[in-house]
Amino acid sequence: MKGRRALLLDPRVRFATLVGPGALFIVLFLLIPLLSIVVFSFWRTESYELISDWNVNNYEAVLGEWIYLKFLLKSLAMAAAVSAICLVYAWPCAYLIAKHGGRYKLVLVLLTAAPFLTGILLRITAMQQILGPIGLVNMALMELGAQPIQVLMYTNIASAVGLIYLWIPFMLLAIYLSLFNFNFELLEVAKVNGARPWRAFFEVTWPLNWMGTAIGIVLVFIPTFAASVTPRFLGGPDGSMFVNRLEHQFGSAGTWALGSAMGVVMCVASLAVIFVLWRTVRLRRAGFTGAGA
Amino acid sequence: MAAVNPGARFVIGGQTAMLLALYLFLYFPIFYTGYLSIMENNVWPFPPVFTGEWYDRLMIMSDFHVGLLNSVLIGVGTASLSTLFATAAAIGILRYPIRRRGVIVVLFLAPLFVAQILIGISTLMFNRNVLGIPGNIESAIVANTAYSVSFAFLVILAQLVRYDWRFDEVAQVFGARPFRTFREVTFPNIWPAVLGAFIISFILGFNNFEITFYNVAAIPTLPTIAWGTLRHGIEPELYALATIVNALVFLLLFIIYLLIRVGALRLGVPDD
């Protein structure tokens, strides 16, 4: 009995009891299914059934054939552009809330986060009412007798606007949380020592908050790269993205193995982005401040 | 702080304008959808002519009630599992500073960095081809939990960082067993954080499309109904549906806000 009591008091045992179930759940229902599609990506599909006949044809198709590669590059470009716009726009907003939000910080931040929770489909529906051919912008222009703005109706630009609309809250939240823990007095020190505001920003504020910013970039890049609903309903005839091709493999085409390979390629591309950003975070921690001198 | 010079005032003014524009960008479409849901003419609703027809039509839609029930089931299931795992894990990580606990933190945050559609298709493939389980509500709950648990974990962890574990130690010194300590000391102090995590993961499960879509087969949920409607061009019932869901989400978020404000302990909340 004494042994059992001692075992129950062991912090490691308690830690494992508390953390174990959730950790096991994530391994079983997130990581193992993800690994399973890695296996399936080396198989082939025959009339809607997976057959364990090992080959690399799926990867040859995804990475070798222009029809797939084109969509992969297009999705990467879209994700990079949307992340960049979110970054540039969210930074000043997050900075304002963190530095001058006072007692309203929490409300101001929750207000930017709230729309995220109303769900992707409903937000895209709302966006269609603004940008579409019978949307508010176009109808107002017609009422005024002006020319419609073609570039906003079912184009890749409309898609980008929709994606920014969906994911900018993540960027703002990540940067805000970083700035919330940032000691603004460091900036004053820099200024007292003669640094101009812009220089103080790029030498102090930016590098010290780069990690939070990098997390924000990843949190916007990944869902944008994997967006399917937005390009489908806002992108129009040329709006199709890599993920829309991927979905096709799981839908009417029924080529599960090829679809799995596309999923693996997506996962690897996302991991590569995370890895590159992670490297820059570690460099900066070691005192590297980029181009600054 | 030094006196605000004109340059700094200009910068703050610019930032304020950007933030206000962001709120407008984020909220205008939501309110406009609400406005459209009570307008007879959905294309150019000016001047306004009010109608309740779209809500009436939504109510008699047979799929709507089934979809609502299924979405609530997925939401409650996801929230229960996520909150349970996240609360236990957050307590374990904060209370027992085991070496390498960082690995566990990374594991609990990993789902944030996996695209939802990948979770959707990989669980579909795994269930179908390895386990032989057909798509249903239960597999949708499991797959949604694998995603939402990260959010629940973040919400709880962020608020528990400043919880004083000495309360629990005192209880145990006086002989309370771990479970009793949790029920009588820990939980009464941390419940606002736990409820907040429950609400967030409920909303995520309730509204999820990409994970749920691949896991529920043909069972209707509100997001899959919305998707079906969108595919065939928007019908005004969808505005009514969107308005009801948005109102529900904002009501729940307001409850979270109150929880944080009047939270029993004001646990580490970034507040005044």
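1. Helices are DSSP runs of H or I with at least four residues, numbered from the N terminus. On that basis, Ser75(A) belongs to helix 4 of chain A. The structure under review is a predicted model, and the points below should be read accordingly.

2. Overall confidence. The model scores ipTM 0.89 and pTM 0.90. For chain B, the mean pLDDT is 88, with 94% of the residues reaching 70 or more. Within chain B, confidence is highest in helix 3 (residues 62-95), at a mean of 94, and lowest in helix 7 (residues 166-173), at 84. One stretch of chain B calls for separate mention: over residues 268-272 the pLDDT stays under 50. For this stretch the model has 14 contacts beyond four places in sequence.

3. Packing of helix 4 against helix 13 in chain A. The axes of helix 4 (residues 66-100) and helix 13 (residues 242-250) of chain A come within 7 Å and cross at roughly 135°. Angles over 145 degrees count as roughly antiparallel and those of 65 to 115 as roughly perpendicular; helix 4 of chain A and helix 13 of chain A are therefore oblique to each other. From helix 4 of chain A, the contact involves Tyr68(A), Phe71(A), Leu72(A) and Ser75(A). Helix 13 of chain A contributes Phe242(A), Val243(A), Arg245(A) and Gln249(A). By residue class, this contact between helix 4 and helix 13 of chain A comprises 5 nonpolar, 2 polar and 1 charged.

4. Surroundings of Ser75(A). Is Ser75(A) buried or exposed? Its relative accessibility is 1%, so Ser75(A) counts as buried. When neighbours within four places in sequence are left aside, Ser75(A) is in contact with Phe225(A), Met241(A), Phe242(A) and Val243(A).

5. Surroundings of Pro231(A). This proline lies in helix 12 (residues 229-234) of chain A. Pro231(A) is buried, because its relative accessible area is 3%. Leaving aside neighbours within four places in sequence, the contacts of Pro231(A) are with Ser159(A), Gly236(A), Gly239(A), Met241(A) and Asn244(A). Met241(A) is likewise among the contacts of Ser75(A). Pro231(A) and Leu72(A) are 159 residues apart in sequence, and their C-alpha atoms are 14 Å apart in space.

6. Cys86(A) has 0% relative accessibility and so counts as buried. Cys93(A) is also in no disulfide; for this residue the nearest cysteine sulfur is that of Cys86(A), 11 Å away. Cys93(A) is buried as well, with a relative accessible area of 0%.

7. Backbone at Tyr154(A). The phi of Tyr154(A) is near 50°, a positive value in a residue other than glycine. Tyr154(A) is located in the loop between helix 7 (136-143) and helix 8 (156-180) of chain A. At 34% relative accessibility, Tyr154(A) counts as partly exposed.

8. Backbone at Arg100(B). A positive phi, of about 65°, is found at Arg100(B), although this residue is not a glycine. Arg100(B) lies in the loop between helix 3 and helix 4 (101-109) of chain B. With 67% relative accessibility, Arg100(B) counts as exposed.

Note on methods
Residues are numbered from 1 along each chain as its sequence is written. Chains are lettered from A and ligands numbered from 1 in the order in which they are written. This is a predicted model: local features need pLDDT of at least 70, side-chain atom pairs count only at pLDDT 80 or more; totals for chains, interfaces and linings use all residues. Side-chain values use heavy atoms; hydrogens and water are left out. pLDDT is the predictor's confidence in each residue, from 0 to 100. Helices (H or I, at least four residues) and strands (E, at least two) are DSSP runs, numbered from the N terminus. Contact means heavy atoms within 4.5 Å. Axes are lines fitted to C-alpha atoms, for helices over the stretch in contact, and angles run from 0 to 180 degrees between N-to-C directions. Angles under 35 degrees count as roughly parallel, over 145 as roughly antiparallel, 65 to 115 as roughly perpendicular and the rest as oblique. Ala, Val, Leu, Ile, Met, Phe, Trp, Tyr, Cys and Pro count as nonpolar, Asp, Glu, Lys and Arg as charged, and the others, Gly among them, as polar. Buried means under 20% relative accessible area, exposed over 50%, partly exposed in between (1.4 Å probe, protein chains only). A disulfide is a pair of cysteine sulfur atoms within 2.5 Å.
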